[in-house]
Amino acid sequence: MRNGDDRSTNGSSWLLRLYIRSPAFFCYCAMAILMTVLWSLDVRLNGDADDLLKLHEVRTLLETGNIFDRTLPGIVQPEPYISHWPWIVDLPYVAFARLLAPLTGLEPALMLASLAVPLLLLAPALYFYNRLVIAIGFAYPAVALPLALIFAVRTFLEYAPGRIDYHNLQILLLLAALVFMMSPSRFSAFVNGLLAALAIAVSAEFAPFYGLVMAVYAFDWIFGHEGGEDRIVAFGLALAIGAIGLFAAIVPPSAYAAVRCDTYSVPHMTALAAAGLSFAIVPLLVGRRGGWAARAAILLVFAAASLAALVMLFPQCLGGPYGSLDAYVRDNMLNRILQELSLFRRPDFVLSASFPSMALLFVGALAPVVVCLDPHGRSRPRIILALFSLLALVLAIDYFRYFRYLPIFSAIGLVFVLASFLPRDARLARYLDSPVPVGSRRYALIVPGLVLSAAMVLYHLAVRPSEAAIPAAEFADSCYFSHLEPQRGWPAGAVVLAPPLIGSHFVALAQGPKVVTIPNHPSAQGIERSYRFLDPATADPRAILDASKATHVAICAWRGPPSPDLATAYPFAAALMEGHPPAWLRECPTDASSPLRIYSYRNPDGSDAGCPASTLSAQARP
């Protein structure tokens, strides 16, 4: 049901004809309505602690209006917490909330923004995904698009209401980049340069994908493809302009010389500007002289020189964004976060109920590669899809954080597979114009993915990943909340020492206490203190409380019968979870159904810290 092709719609209803012309619009309406209904039924499709921190960050920006000051006031370790997310990722939510605030008030406007903005971002994301499906060559996107969305639903849940982390914005920018990259125009390349700069300014997480974008433009110029020189120059100029412009927009003048490896700063701007200027200058200097080898060599010389200069200027960033973390925090917290591990180190995924879905994604990710091996199924858009699909697969295996993005590419590959296995006389097969040229090769589409899945299983059977002992703080942080409302009654100046996840729930409250830590790496000092406070190896936990200047302690409650195993493994943490504090802590009254126990310590002047007037159970529904 190709756009503009109405051959099969003669006599059809006007609604069907409208759907054929605009399948992305109808898919958007269906997904937005479904996700909103599920949210209203308290079904949370996606989300993590980053959404809670983002809520606090957006609230702070709305209250202060200072885009350059990224210090979040609710987190006191006691060192200040400086967010690694630039203010531009908050901009859609701030703009939406500011429009509504005069009518609803700040907090209702903020809540509506957190629900509506992800759904608004879904609309352009589906538009670009539909354009990608069309470019790949499916004759009837009105059939191929909904099938691809079914296979890619895991990724598009990043647009569920309340999912206000930056991942949905990154997905949107990548889909737009893919669509613009398939266009031969110089203007599309220029737009792509701006998108690449913006994406890296938001987060360097997608740097591998945009490295591949750069490689495609470089390939076109090196091998003399028509318009390749114009495109690489336009892309390079836009990349350099965007990198410098975003640096001025994001970084305050007082921090122009500051080096931060975990957020957009002078190293990132320098790297992007150098790459962009190389792309813009080298083709103009070389012109049409020399063969492909000479062009590639000259471009590589510029790239190597730029890389060497970056290493000499910013050696502290060689360890990546987490390079400065203390070994204690890295071993006890960061290296235990499941999304920070590779599939080779995750004993809970390959040999689990999640294995079939993983195998399906592997099949879909490698199917475009198989399609492009046959000259009759090869085209520029399909080659680009195959390259990005293969890169996404490698990244997902090596670093599980990327697994959420793999379905974008696997879904289209699975549509290839479905089309090739359908009987040729089936009605659905006529609507899925498969690029697989020979029916007998349909099994070749699934074999690479199945072989890779089998290899992962064999690896995990032969080399079982070791599981380190669970730190006390992680065990004491294992209670979760499905809903939080503003909490009142905390004593003035209250500072709560709690494990990181509990801290993230407190910091999201409009009227809550300050916290020592949350589960993000800029809070590494607070994380270390919260972990050492509950660590059985810590001789004097009170010293940790004093160092963090905390007035209260919050910990998950153990409401069942006393556990001898728990008391043996974590004696101090178990005593707090079971309600047996030491003499220097006083338990605050809480409901029997409350997921937390709260203890008061003392104020900085030595006086009694007091307890919150309202219990947490009145504010949270487990």
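Modeller: Aspartate 220 counts as buried because its relative accessibility is 1%; buried means under 20% relative accessible area, exposed over 50% and partly exposed in between, with a 1.4 Å probe and protein chains only. Its side chain meets that of arginine 380 in a salt bridge, at 3.0 Å from N to O. Aspartate 220 belongs to helix H10 (residues 207-222) and arginine 380 to helix H16 (residues 380-398), so the pair ties together parts that are 160 residues apart in sequence. Arginine 380 itself is partly exposed, with a relative accessible area of 30%.

The model is a predicted one, in which local features need pLDDT of at least 70 and side-chain atom pairs count only at pLDDT 80 or more, while totals for chains, interfaces and linings use all residues. Residues are numbered from 1 along each chain as its sequence is written, and side-chain values use heavy atoms, with hydrogens and water left out.

Some terms are needed here. A salt bridge is a side-chain nitrogen of Lys or Arg within 4 Å of a carboxyl oxygen of Asp or Glu. Helices (H or I, at least four residues) and strands (E, at least two) are DSSP runs, numbered from the N terminus.

Side chains of opposite charge can pair when their charged atoms come close. The whole structure holds 23 salt bridges. In one of them, glutamate 107 pairs with arginine 59, and the closest N and O atoms are 2.7 Å apart. Since glutamate 107 lies in helix H5 (residues 106-136) and arginine 59 in helix H3 (residues 49-64), this pair ties together parts that are 48 residues apart in sequence. Arginine 59 counts as buried, at 4% relative accessibility, whereas glutamate 107 is partly exposed, with a relative accessible area of 24%.

Another salt bridge joins the side chains of aspartate 42 and arginine 44, at 3.1 Å from N to O. Aspartate 42 counts as partly exposed at 35% relative accessibility, and arginine 44 counts as partly exposed at 38%. Salt bridges also link Asp48, Asp51, Arg154, Glu158, Arg163 and Arg404 in a network.

Strands pair if DSSP finds at least two bridges between them. S6 runs parallel to strand S4 (residues 495-497), to which two bridges join it, and leucine 497 has valine 553 as its bridge partner. Five bridges join S6 to strand S8 (residues 596-600), and these two run antiparallel; here isoleucine 555 stands opposite arginine 597.

In the loop between helix H23 (541-548) and S6 lies threonine 551, which counts as buried at 1% relative accessibility. Leaving aside neighbours within four places in sequence, threonine 551 is in contact (heavy atoms within 4.5 Å) with residues including Gly493, Val495, Tyr599 and Pro604.
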